[in-house]
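Please take me through this structure in the viewer, stop by stop. Tell me what to select and what I will find there.

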Amino acid sequence: MNAAHPILDSPPDRRALRPVVRWAGGKTALLDAITGLLPSGWGRYFEPMAGGCAVFFRLRPQRATLADINPDLINFYNVLKLEPVRFLNNLAALSATRELYYTMRRARPISSMKRAIRFAYLNRLAWNGLYRVNRNGHFNVPIGDRLPAILWDLEELRTASAALSDVTLLQGDFSHVLRYARAGDFVFLDPPYPRGAKDSGFNRYARSFFTPGEHLRLSRAVQRLTDRGVHLMLALADRNELRVLYPKTLRTKVVQSKSLIACNGMARGGVSELLMVNY
């Protein structure tokens, strides 16, 4: 198949964007390393553990499927995509206060719009941008130490809405999403993993942790993708106990990042991460 080049074949107005949600474990700091390892071309783009979608927003691929197991995250992207005017008008009416934060945290809205507003507000003000839930699936992160006068760049959100206009958004386990990938497509995999010692225990983005057993399940999916000719890149902690779970045929590059969680931003030490590819 004739795969479109991710940059050269893009229209001039498909500018790179920043992620519009704060997401612990996001790949913004590694984007230069990631783009330097991209395949020369591909058909469709898949990001089944989307999070903040840093890679998607940098590349702006024309045919993309974004997915995540987190229903609130995917609902946020869906509402931003489908109802941007109403959504942004609601966000613009909010101000940053501790009282409203904890009121929002206790709330259990049902409608898609109210869920998206709650998610956006909590994400903007939560400690370290962390998304963490308890075993009942209830968000339990305390408020951070900032109460910004301006909560969002609304123009940036409008541009992100336009970027999502042709994107397929799915909520569910990665295994259900990856079955749609075919030979010549490109998959970027970014499973939850601790970057440093202080990060462990902060990978509960859904009701259950992403365990070594989940990594083994993902490893089998990586092998199936490789067998059917799908290009893939996997981001992983530079830890032997994780590395050995994945196919030995993957080519690996070690890159430097910062520890995910620290009370003091200056205390986030440098750590090694892996970018693994099958091409």
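This is a predicted model: local features need pLDDT of at least 70, side-chain atom pairs count only at pLDDT 80 or more; totals for chains, interfaces and linings use all residues.

**Stop 1: helix 4**

Select residues 84-92, which make up helix 4. Colour Phe 87, Leu 88 and Leu 91: these are the buried residues of the helix. Now look down the helix axis. The buried residues fall within an arc of 90°, so they line one face of helix 4.

What covers the buried residues of helix 4? Show helix 3 (71-82), helix 6 (112-125) and helix 7 (154-163); the cover includes these three.

**Stop 2**

Leaving out residues up to four places away in sequence, Phe 87 touches Phe 76, Val 79, Leu 80, Met 113, Ala 116, Ile 117 and Ala 120.

Next, widen the view to the largest nonpolar core, which has 89 residues. Which residues have the most contacts inside this core? They are Tyr 45, Tyr 77 and Phe 87. Helix 6 gives the most to the core, with eight residues.

**Stop 3: the aromatic rings**

Show the rings. The whole structure has 14 aromatic pairs. Zoom in on one of them, Phe 76 with Tyr 77. The centres are 5.4 Å apart and the planes are at 65°, an edge-to-face arrangement. Both partners are buried: Phe 76 has a relative accessibility of 2%, and Tyr 77 has 0%.

Then select Trp 23, Phe 76, Tyr 77, Phe 87, Phe 119, Tyr 131 and Phe 139 together. Ring pairs link these residues into a cluster. Phe 87 from the previous stop is part of this cluster.

**Stop 4: Val 20**

Move to Val 20, in the segment before helix 1. Is Val 20 buried or exposed? At 13% relative accessibility, Val 20 counts as buried, because the cut-off for buried is under 20%.

Draw a C-alpha to C-alpha distance from Val 20 to Leu 157. The two are 137 residues apart in sequence and 6.6 Å apart in space. Now list the contacts of Val 20, setting aside neighbours within four places in sequence. They are Phe 57, Phe 76, Tyr 77, Leu 80, Glu 156, Leu 157 and Ala 160.

**Stop 5: salt bridges**

Switch to charged side chains. Side chains of opposite charge can pair when their charged atoms come close. The structure holds ten salt bridges.

- Select Arg 44 and Asp 185. Their closest N and O atoms are 2.6 Å apart. The pair links distant parts of the chain, 141 residues apart. Arg 44 lies in the loop between helix 1 (31-35) and strand 1 (45-47), and Asp 185 in the loop between helix 8 (174-178) and strand 4 (186-189). Arg 44 is partly exposed at 28%, whereas Asp 185 is buried at 2%.
- Select Glu 155 and Arg 158. The closest N and O atoms of this salt bridge are 3.1 Å apart. Both residues are in helix 7, three places apart, so about one helical turn separates them. Glu 155 is partly exposed at 47%, and Arg 158 is partly exposed at 43%.
- Select Glu 83 and Arg 86. Their salt bridge has its closest N and O atoms 3.1 Å apart. Glu 83 is partly exposed at 32%, and Arg 86 is partly exposed at 48%.
- Select Asp 173, Glu 214 and Arg 217. A network of salt bridges links these residues.

**Stop 6: two backbone angles**

Finish with the backbone. Most residues other than glycine have a negative phi, and most peptide bonds are trans.

Go to Arg 60, in the loop between helix 2 (54-59) and strand 2 (64-68). Its phi is positive, about 50°. Arg 60 is buried, at 7% relative accessibility.

Last, select Asn 128, in the loop between helix 6 and helix 7. Phi of Asn 128 is also positive, near 60°. At 22% relative accessibility, Asn 128 counts as partly exposed.

Methods
Residues are numbered from 1 along each chain as its sequence is written. Side-chain values use heavy atoms; hydrogens and water are left out. Buried means under 20% relative accessible area, exposed over 50%, partly exposed in between (1.4 Å probe, protein chains only). Helices (H or I, at least four residues) and strands (E, at least two) are DSSP runs, numbered from the N terminus. The arc is that of the directions from the helix axis to the C-beta atoms. Contact means heavy atoms within 4.5 Å. Rings of Phe, Tyr and Trp (its six-membered ring) pair if their centres lie within 6.5 Å; planes under 30 degrees apart count as stacked, over 60 as edge-to-face and the rest as tilted. A salt bridge is a side-chain nitrogen of Lys or Arg within 4 Å of a carboxyl oxygen of Asp or Glu. A nonpolar core is a set of buried Ala, Val, Leu, Ile, Met, Phe, Trp, Tyr and Cys residues joined through side-chain atoms within 4.5 Å.
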